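Subject: Structure for you to look through

Dear colleague,

Please find the structure below, with its sequence.

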Number of protein chains: 2
Amino acid sequence: MELPQRPGSRLDSYVDRYAARTRGMTASEIRALFAVASRPEVVSLAGGMPNLAALPMDSIATVAEELVRESGTVAMQYGGAQGDETLREQICEIMRLEGIEGHPDDVIATVGSQQALDLVTRIFIDPGDVILAEGPSYVGALGVFASYQAQVVHVAMDDQGLVPDTLRTAIASVKASGRRIKFLYTIPNFHNPAGVTMAVERRPEIVEICRDAGILILEDNPYGLLGFQGEIYPALRSLDTENVIYLGSFSKTFAPGFRVGWALAPHAVREKLTLAAEAADLCPPAFSQMMVSRYLSTQPWREQIKAFRAMYLERRDATLTALSELMPAGVTWTKPDGGFYVWVTLPPGLDSKAMLPRAVTARVAYVPGTGFYSDGFGASSLRLSYCYPTPERIREGVRRFADVLREEMELRAAFGHEASRALESREGVDTPGPDLA
Amino acid sequence: MELPQRPGSRLDSYVDRYAARTRGMTASEIRALFAVASRPEVVSLAGGMPNLAALPMDSIATVAEELVRESGTVAMQYGGAQGDETLREQICEIMRLEGIEGHPDDVIATVGSQQALDLVTRIFIDPGDVILAEGPSYVGALGVFASYQAQVVHVAMDDQGLVPDTLRTAIASVKASGRRIKFLYTIPNFHNPAGVTMAVERRPEIVEICRDAGILILEDNPYGLLGFQGEIYPALRSLDTENVIYLGSFSKTFAPGFRVGWALAPHAVREKLTLAAEAADLCPPAFSQMMVSRYLSTQPWREQIKAFRAMYLERRDATLTALSELMPAGVTWTKPDGGFYVWVTLPPGLDSKAMLPRAVTARVAYVPGTGFYSDGFGASSLRLSYCYPTPERIREGVRRFADVLREEMELRAAFGHEASRALESREGVDTPGPDLA
């Protein structure tokens, strides 16, 4: 299949023809990592891929077969832009677990909740509009916001999540600058990447601040059912039906390969989202939606979520134990009570991005903190994902990371910044050794 | 599941917060029709749904079951933003049928070719940029272009497709006005909605005109393998590898419910498309792509396309025969040699959109011509789709349409415009009678 490369064909002769918005479209740090970190010898604590090993593949194979046999001409046909009605009813049942009373007509099924993020941004953001977002925030959301030329203003979190007073200050400051805030983007539960949860007692206050300021809330909740104690926090949407757009996903509670997520929005907004979705792809895949719908109606999905929780809890514990035992002094990290991620903060002077090639050489990968900020902040932080590797591999990954970190700290202590730079140029990211762990 | 409506909740209190681009997002005329035209008593000659009755559902059920059993943890996982590599290789094989030598690395798999349209527009169009498109053109493309605030300039066709001299004139006129043309959007084969094909001898000329003018070509080819004589025309992309972005789809040659289409683009453009796709939905559904890939590798897909062709040929013949026998004098129509659509032009003074409620009352639906123009043109034309109904139903639909048309023409002849308006207010679109045909 390989065709010879014509000379020059990799030069971009279209460079003066692209739209202005493409200047915000750059390869994510996660993506640039992907090729190297996916080698089997590297312990990847970088990706956010859910672990599907616990799924009952035989049963799902039967679901797929029956879907084609019994409803093939519907599942393989175009559907409505808003998505399958039965699925939207099931989605309302799921959201009821979080205290949300939503109507199926206010739900739109999307190609993963990433598409819902894209559509909400598309209908609300003019270039230069401000979006408030936690600092750090989800890298995929920041990518969408940049592609619509939004300005992201980060709002600080503590270990109880978004800080209401900081939110008030940020709103006042942006408004004083004459810019327009369109919405607050927040991940209240088991935050990606911060690994913290917005305190329940803060939620009404944050909802009120936004309502009073005329700012919509975009509540992104892919991990809400993955709390390790089985606790389910009340959604912001359960506290305000008119000022919150809620995003959900089956990627973490079932499987991402179907790309089924959703938005629940005030009715008028939902209608606009449907028009935008129709332009984006006509309709989401009927086959995917009906697979998820049949899975929900024929399989014990609540038990499956419990199994996922137990699996991720074991991995979270392995991560925290290894960090406690192996990390050098001065390194701190969050203690997630659900979800996939731990946020690690390094001692002052260390740069997680500059260190990454050495980490990959030592056969461990993570995501540097700068990817989760739109303003260059985050150099002294990084995200560790514990969702995919086994507990043994996690421990080995943390051990390798601790070694890299210790070597880096010793070098800095002994020789300062220049020695570390020299080390950087000596070791290449392209040559990880075999994995003998 | 029905919740009581809160008063006022259907009012749009967000109206002053939407992005400027939402002003271009309006419900398509096809969509507004959908609820009524989908009633079983109505013969719908409106939609473009492929007829899936000919697909071997038992075999496809086995494909689905084996996919989950053998590759479930890959098919149900996140994939790359560019799409499945095996599928991209198979896509290159398919394109080779049309004389295209494409490299899998220059292909991106998308959520239907509609998403490819969206992504291409996203990376090239700033508000006010001009897109040239045939007049009439595909309604879904016009919707995308409007949502990115492009200005569409239509270029006339004759029964040999786009007219090169008219293209030259349009380019000169737009350039003289100081506006910037980003690309020519064209459907060379079995045009939707016009039902004509770009003459093979015109193709090199059109490619050259665009290259010389520095205008990309966006070649949309969902129907290219559905020529009734089995003839396959050379793609514009086969004539120019550097200035053409080619869009393909499995929606008409296999099934639309998987939402798998693709773009083949010059390498630098493909890279930008992948970045835009990553923002739009992270990655296309792996499950869908692998279903299509396995279908191609295990099923006789070439024979299946022949079966589709034979089925659509029978329906095309039923349509043309019925039109010849039943249409009043003064009505003309195109004679498609492939694809799904006939474009009908009414005698002067008749308005296909104004007539539509009467047609639906008479239990037949079509799409008025104005939906296929961005400038209000097309009132005296309409699109008939013959892809979905049986030949008998097509004939009955054309008979009903001919009756409506004849009544309208007689009324106009006897009483002029006012009588027709009175008729319009008497008959409601909401009360089609039972289908006794």
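W343(A) is buried, with a relative accessible area of 8%, where buried means under 20% relative accessible area, exposed over 50% and partly exposed in between, taken with a 1.4 Å probe and protein chains only. Please keep in mind that this is a predicted model, in which local features need pLDDT of at least 70 and side-chain atom pairs count only at pLDDT 80 or more, while totals for chains, interfaces and linings use all residues. Residues are numbered from 1 along each chain as its sequence is written, chains are lettered from A and ligands numbered from 1 in the order in which they are written, and side-chain values use heavy atoms, with hydrogens and water left out.

On the aromatic side, a search of the whole structure gives 33 aromatic pairs over all chains; rings of Phe, Tyr and Trp (for Trp, its six-membered ring) pair if their centres lie within 6.5 Å, and planes under 30 degrees apart count as stacked, over 60 as edge-to-face and the rest as tilted. One of these is the stacked pair of F287(A) and F287(B), at 6.1 Å centre to centre and with 25° between the planes. F287(A) lies in helix α9 (residues 286-298) of chain A and F287(B) in helix α9 (residues 286-298) of chain B, so this pair joins two chains; helices (H or I, at least four residues) and strands (E, at least two) are DSSP runs, numbered from the N terminus. Both F287(A) and F287(B) are buried.

W343(A) itself forms an edge-to-face pair with F372(A), at 5.7 Å centre to centre and 85° between the planes. This pair links distant parts of the chain, 29 residues apart, with W343(A) in strand β11 (residues 341-345) of chain A and F372(A) in the loop between β13 (367-368) and β14 (381-385) of chain A. F372(A) is buried, with a relative accessible area of 0%.

Ring pairs also link F254(A), F258(A), F287(A), Y295(A), F254(B), F258(B), F287(B) and Y295(B) into a cluster. Elsewhere, the charged end of K272(A) sits over the ring of Y18(B), 4.6 Å from its centre, and that of K272(B) sits over the ring of Y18(A), 4.6 Å from its centre; for this, NZ of Lys or CZ of Arg has to be within 6 Å of the ring centre and within 35 degrees of the ring normal.

T121(A), in helix α4 (residues 112-124) of chain A, is buried with a relative accessible area of 0%. Leaving aside neighbours within four places in sequence, T121(A) is in contact (heavy atoms within 4.5 Å) with V144(A), F145(A), Y148(A), F183(A) and R21(B).

Turning to the strands, 6 of the 6 residues of β8 (residues 244-249) of chain A are buried. Strand β7 (residues 216-220) of chain A pairs with β8(A) in the parallel sense over 4 bridges, where pairing requires that DSSP finds at least two bridges between two strands, and I245(A) is the bridge partner of L218(A). β8(A) and strand β9 (residues 260-264) of chain A pair in the antiparallel sense over 4 bridges, with L247(A) opposite A263(A).

Finally, chain A has an open sheet of 4 strands in the order β10-β11-β14-β13, with antiparallel pairing. β10 (332-333) and β13 of chain A stand at the edges with a single partner strand each, so one side of each is left without a neighbour in the sheet.

Best wishes
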